[in-house]
Amino acid sequence: MGREIFTRSLYRMAKTSFDVGEKDVTAKSYSQAYSTGKLDPLVDPAGFGVIRLSLPRVEQISNGSKYRLTVGTPLPIETRVDTTGSMGDNVDIAMRVLPDAFESWTEVLEGYDIQVATGIFGDHKDRFPLCRPQFEMEAAKIVKQLTLMVPERQGHDTPEDPDIGIFGGAYLTRAYINRIGLKGYDFTVTDAPGRGMIDQKQLKRVFGQDVFEKVKQNGHKFNENNTIDLKDVWVDLLDRAHAFVLLVESSYKRFWIEHVGKDRVVVLPNTEVLPQVQAAIIGLTEGSLLPTDMSSFLKKVISNYSSREIDSICESLINIPIGAQAKLPNFGKCPKKGDIFVGKPDVWDDTNLWPEEQSEEQLVHSEENTDEPTEKDDWL
Amino acid sequence: MKIVGNKWHKTGEQNEYQVKEIVAENSQYTLRRCIDNTGRELLLQIAADASYNDQLSKNAWFLTKLISQSDKIQDSVEATDLRQYYNYYLGFPELCDSTILHDQGARLVNVIGFRNVHKLSSVIPLVKIWKHSKGVDLPTSAWIIGKLLKIISFAHDCNIKIGDISGNNILIVPENHYVIIFNWGNSVIENGGIPAADVSNDIKTAAKLVLKTIIGNSDLRINETTNDESNSKYIGFVESLAEVGMSDARRAHQQFYELINSLCADSTSAWQSGFHKFTYRT
């Protein structure tokens, strides 16, 4: 499955290869979608089996009898970005800040295989209310998927429809990280309220007529006849992801606090700093970034913000469930690059989820540190 | 970071801390007494394990924010006579240091001091005062609740909702009349201001704690602690705060001191202005 990780040079090569400019990166896809009436399958929520997968990258070794983890435990980061009205340029921004995103995330996610799905949403009256890509790790694939988005940039009414994408995040994702007892990350970026209720007809329109079959296939019990409340969907989303709403305009904070909880809403000054704020959230949740280091981290990764602006972001971040990933029982037990599995990990029947052997690098490290902390060493 | 024998010091730093006995602990952290190189006694707040580092780091973050806000106010009134009335910094601990000890299970440690306090034995948790058989006298309770309302109103002005107002988390320094909210790790920032209901709850909680401090470990009911009209007015006000609360902590603080001043001005009352020594009821 490969071992390539995202780098700035690969990103630049991908942009050249796909002839991506600084603006209107989705222009071709937009006209194609409107002439065909269809999204590219890679970003069509109903495409590629509907359920998005985040899987470990492994290579066969020992004459095919075993599998080695090539990069690390896959960590899915799904982001759905509002592209209605004033948020219409967000795909261009997402493309431009992609290298900053990876660099910031890598700083707080050492050892993980970062897998990204950055999609967009609009209004249910749009032709394409949601574009949901695959989880990808390689620059070329991520760049390509961004160019395939179709932001319709319409305003319509004030509530928008991130709820549909949140439904996908909750019920139509199968991630290895969940099978080993940890969680991925899910971000909804908007300046508007949602609707609070999800229309089942919209779900069938966006995800296909068999969406509820897919939900059941993914292990969720669902009563199709009930009205779907966003609050219930959010609770289920939190079972598999550390989920947050990043609100660009704070006028609608109350709506989001009521539906997702005060500790899940972070006010964002603008989408240009989305990756850095996401990195701070991830770092705080993983425990790799402490609250006392928030300010210095943000000052380092956001070069043109004043101390006051940084403090304002920190005041929004301090309320999130800090250390939530670090408190999960299997935190610290994630398979590492080079670990050996006796069979290919399967996220559907939960077989071969844990490695049988550690990587050689880890064994050497263990041998060098044979002394367990004694009572005397750990006396504080 | 290096631990050398009984001494723990930061490599390359001036500060050296001599680690002493455990003074308290809960599921999240242990508190140890330590002594710095000036002989001042401090507390080491040590995470129980690395998974609680975030809670201690949050505490450190809030203490840093509080002192920053307090310093701004002090600087603005430094050249005036008002400076003695602010000094909000006395209502929360001083964060002297915060770091991770990688050779101690990667646990976070906060080094915490109390301003103008050299010996930890002069700092008493409110829960300990409750164990006294008779509780404190009313003027003592008055400076406790007055200081509590002051620190609560300051925190609310900083948009900080205090997560833990409890007997375990409130410390008294009797000789200096300090009332300190110790751990701020459960606090929350409310950027639009603290909701009125939460303000009221904080005031109610504080007032209830003070009423308990008046009774102590006795079986008395609160109205049995006095038969004096002035005292009854005071008790009535505190009870009202405990039952009904108030939507504005600053107003509660102001009204409280208006009442105290009126009681002191009343020639028929035993209440007197000026420093009242910490006193248990007899």
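In chain A, R57(A), D113(A), E138(A) and K141(A) are joined to one another in a network of salt bridges. The structure is a predicted model, and over all of its chains the count of salt bridges comes to 26. Side chains of opposite charge can pair when their charged atoms come close.

**The interface between chain B and chain A**

- The contact draws 26 residues from chain B and 19 residues from chain A, and the area buried between the two chains is about 2,000 Å², with carbon and sulfur atoms giving 57% of that area.
- On the side of chain B, the residues that lose the most area to chain A are D54(B), W61(B) and Q104(B), which together make up 26% of what that side buries.
- Three salt bridges are found across the interface of chain B and chain A, and one of the pairs that form a salt bridge is D54(B) with K327(A), whose closest N and O atoms are 2.9 Å apart.
- Six residue pairs are in polar contact across this interface, counting pairs in which both residues have a pLDDT of 80 or more.
- The elements of chain B that give two or more residues to the side touching chain A are the strands β5 (41-47), β6 (94-101), β7 (107-113) and β12 (188-189), along with helix α1 (53-77).
- Of these, α1(B) provides the largest share of the side of chain B that touches chain A, namely eight residues.
- Sorted by class, the side of chain B that touches chain A consists of twelve nonpolar, seven polar and seven charged residues.

**A lysine in helix α1 of chain B**

- K65(B) lies in helix α1 of chain B, and at 13% relative accessibility K65(B) counts as buried, because the cut-off for that class is under 20%.
- Leaving aside residues up to four places away in sequence, K65(B) touches E315(A) in the other chain as well as C158(B) and I189(B) in its own.

**Salt bridges within chain B**

- R33(B) and E21(B) form a salt bridge in which the closest N and O atoms are 2.9 Å apart; R33(B) lies in strand β4 (residues 29-35) and E21(B) in strand β3 (residues 16-25), so this pair ties together parts that are twelve residues apart in sequence.
- Within that pair, R33(B) counts as buried at 17% relative accessibility, whereas E21(B) counts as partly exposed at 37%.
- The side chains of E41(B) and K119(B) meet in a salt bridge with an N to O distance of 3.8 Å; since E41(B) lies in strand β5 and K119(B) in the loop between β7 and β8 (124-125), the pair ties together parts that are 78 residues apart in sequence.
- E41(B) is buried, with a relative accessible area of 9%, while K119(B), at 43% relative accessibility, counts as partly exposed.
- K161(B) and D198(B) also meet through their side chains in a salt bridge (3.5 Å, N to O); K161(B) belongs to strand β9 (residues 160-161) and D198(B) to helix α5 (residues 196-215), so parts that are 37 residues apart in sequence are tied together.
- Here K161(B) counts as partly exposed at 25% relative accessibility, and D198(B) counts as buried at 17%.

**Helix faces in chain A**

- An α-helix has 3.6 residues a turn, so residues three or four places apart point the same way.
- In helix α12 (residues 294-301) of chain A, the buried residues are M294(A), S295(A), F297(A), L298(A) and V301(A); seen down the axis of α12(A), they fall within an arc of 160 degrees and so line one face of the helix.
- The buried residues of α12(A) pack against α3 (90-108), α11 (274-286) and α13 (307-317) of chain A, together with α1 of chain B.
- In helix α9 (residues 230-240) of chain A, L230(A), V233(A), W234(A), L237(A) and R240(A) are buried, and they cover an arc of only 115 degrees around the axis, which puts them on the same side of α9(A).
- The face of α9(A) turned away from its buried side carries the exposed residues V235(A) and D239(A).

Terms used. Residues are numbered from 1 along each chain as its sequence is written. Chains are lettered from A and ligands numbered from 1 in the order in which they are written. This is a predicted model: local features need pLDDT of at least 70, side-chain atom pairs count only at pLDDT 80 or more; totals for chains, interfaces and linings use all residues. Side-chain values use heavy atoms; hydrogens and water are left out. Contact means heavy atoms within 4.5 Å. Buried area is the accessible area (1.4 Å probe) that two parts lose on being put together, summed over both. A salt bridge is a side-chain nitrogen of Lys or Arg within 4 Å of a carboxyl oxygen of Asp or Glu. A polar contact is a pair of N or O atoms within 3.5 Å; within protein, one must be able to donate a hydrogen and the other to accept it, and residues adjacent in sequence count only if both atoms are side-chain atoms. Helices (H or I, at least four residues) and strands (E, at least two) are DSSP runs, numbered from the N terminus. Ala, Val, Leu, Ile, Met, Phe, Trp, Tyr, Cys and Pro count as nonpolar, Asp, Glu, Lys and Arg as charged, and the others, Gly among them, as polar. Buried means under 20% relative accessible area, exposed over 50%, partly exposed in between (1.4 Å probe, protein chains only). The arc is that of the directions from the helix axis to the C-beta atoms.
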